[in-house]
Amino acid sequence: MSHAETIRDQFTRQAVPFSEAPSIADAAAIQLLIDVARAAPHHRSLDVACGPGLVVAAFAKVVAEAAGLDATPAMLDRAREIAAQRGAGNVAWHLGEAGALPFADASFDIVTCRFAFHHIEDPGAALSEMKRVTKPGGAIVVCDGVASDDPAKAAAFNRFEKLRDPSTVRFLTEREIQALFAGAGLMIDAERRYRLPAELEGLMQISFPNPGDEAKARAMMEAAVADDGLGMGTRREKGRVLFEYPTLICAARR
Ligand SMILES: C[S@@+](CC[C@H](N)C(=O)[O-])C[C@H]1O[C@@H](n2cnc3c(N)ncnc32)[C@H](O)[C@@H]1O
């Protein structure tokens with residue numbers, strides 16, 4: 001399977017369960033994106049790799065028009081359903097690739113991308129495209145999980161994530177994301193950090209590993225209780241294995 005096929009396969013299966021995960025739907029976490037983007041009623045926003053459109057639906061309450069783009073048709077179907085349930089009429093959906101956005105230069109006041117850079121083979125190219133379609137002075141906002149600065153923990157974290165979700169390419173470190181902004185000629189003007197909570201059973205219920213990989217992923221996370229080997233603060237509480245995804249939001253003005 002090509003990477004594009006793996007993305008479509010995984011996210012067709014994940015569309016509904018992903019959209020229902022409380023940590024993904026968390027309104028306070030999405031509000032951080034709206035705040036750093038300094039969203040206003042006259043703005044037009046785009047969310048790249050929008051998935052089930054939760055970020056788009058939240059921006060739609062604040063801006064004039066909120067668009068979402070994704071490579072997986074089933075995610076866009078789910079996004080249409082959620083937007084309809086929420087009565088969001090000022091939304092538009094586009095099937096497309098983050099690395100080749102089907103929009104003219106300077107089309108949007110705000111361009112966001114959440115929890116997707118680790119699925120994209122060339123995140124630098126995606127960031128350049130985000131910059132291209134943003135108006136001068138507009139906001140470019142990237143949010144993603146980040147790998148530990150400890151190379152062994154970063155490698156183990158990425159190994160776990162690839163076992164759990166074979167569409168993962170690589171979670172970058174904070175410094176690597178910041179370097180992508182610098183490489184795109186973008187100066188970061190706001191950063192936010194939070195730790196997205198997760199629990200092993202719940203995470204596995206919304207994951208679709210390749211045959212045989214689920215047991216390996218579980219074993220890695222359980223072993224990390226002893227040594228925090230993934231850099232995710234793994235611990236056992238009342239029989240449940242809990243951990244967190246360190247998450248970084250970076251915003252820049254074009
Ligand atoms: C983990 S989901 C995140 C969805 C959404 N951004 C959110 O935070 O709720 C990743 C999404 O990225 C999309 N995706 C992955 N690679 C892509 C690419 N190269 N271009 C467009 N969409 C992509 C997938 O189809 C999936 O919907």
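Me: Which elements do the buried residues of α6 pack against?
Reply: The buried residues of α6 pack against β1 (44-48), β4 (108-114), β5 (134-145) and α8 (174-183). Contact requires C-beta atoms, placed from the backbone, within 7 Å. Helices (H or I, at least four residues) and strands (E, at least two) are DSSP runs, numbered from the N terminus. The model is predicted: local features need pLDDT of at least 70 and side-chain atom pairs pLDDT 80 or more, while totals for chains, interfaces and linings use all residues. Residue numbers start from 1 along each chain as its sequence is written.

Me: Which residues of α6 are buried, and what puts them on the same side?
Reply: In α6 (residues 123-132), the buried ones are Pro123, Ala126, Leu127, Glu129 and Met130. They cover an arc of only 160° around the axis, so they lie on the same side of α6. The arc is taken over directions from the helix axis to the C-beta atoms. An α-helix has 3.6 residues a turn, so residues three or four places apart point the same way.

Me: Why is lysine 61 called partly exposed?
Reply: Lysine 61 has 13 other C-beta atoms within 10 Å. A residue is buried at 20 or more such atoms and exposed at 12 or fewer, with C-beta atoms placed from the backbone; partly exposed is in between. The count of 13 therefore makes lysine 61 partly exposed. It sits in the loop between α4 and β2 (65-70). Proline 41 is 20 residues away in sequence and 8.7 Å away in space, C-alpha to C-alpha.

Me: How does the radius of gyration of the chain compare with that of a compact globule?
Reply: For 254 residues a compact globule would have a radius of gyration near 18 Å; the chain has 18 Å, so the two agree. The radius is taken over C-alpha atoms, and the globule rule is 2.2 Å times the number of residues to the power 0.38. Along its principal axes the C-alpha trace spans about 50 × 35 × 35 Å. Buried residues make up 42% of the chain.

Me: How many residues does the largest nonpolar core have?
Reply: The largest nonpolar core has 73 residues, and Val141 is among those with the most contacts inside it. Its largest share, seven residues, comes from α4. Such a core joins buried Ala, Val, Leu, Ile, Met, Phe, Trp, Tyr and Cys through C-beta atoms within 7 Å. Not counting residues up to four places away in sequence, valine 141 touches Leu33, Val36, Ala37, Thr112, Ile249 and Ala251.

Note on methods
Two residues are in contact if their C-beta atoms, placed from the backbone, lie within 7 Å.
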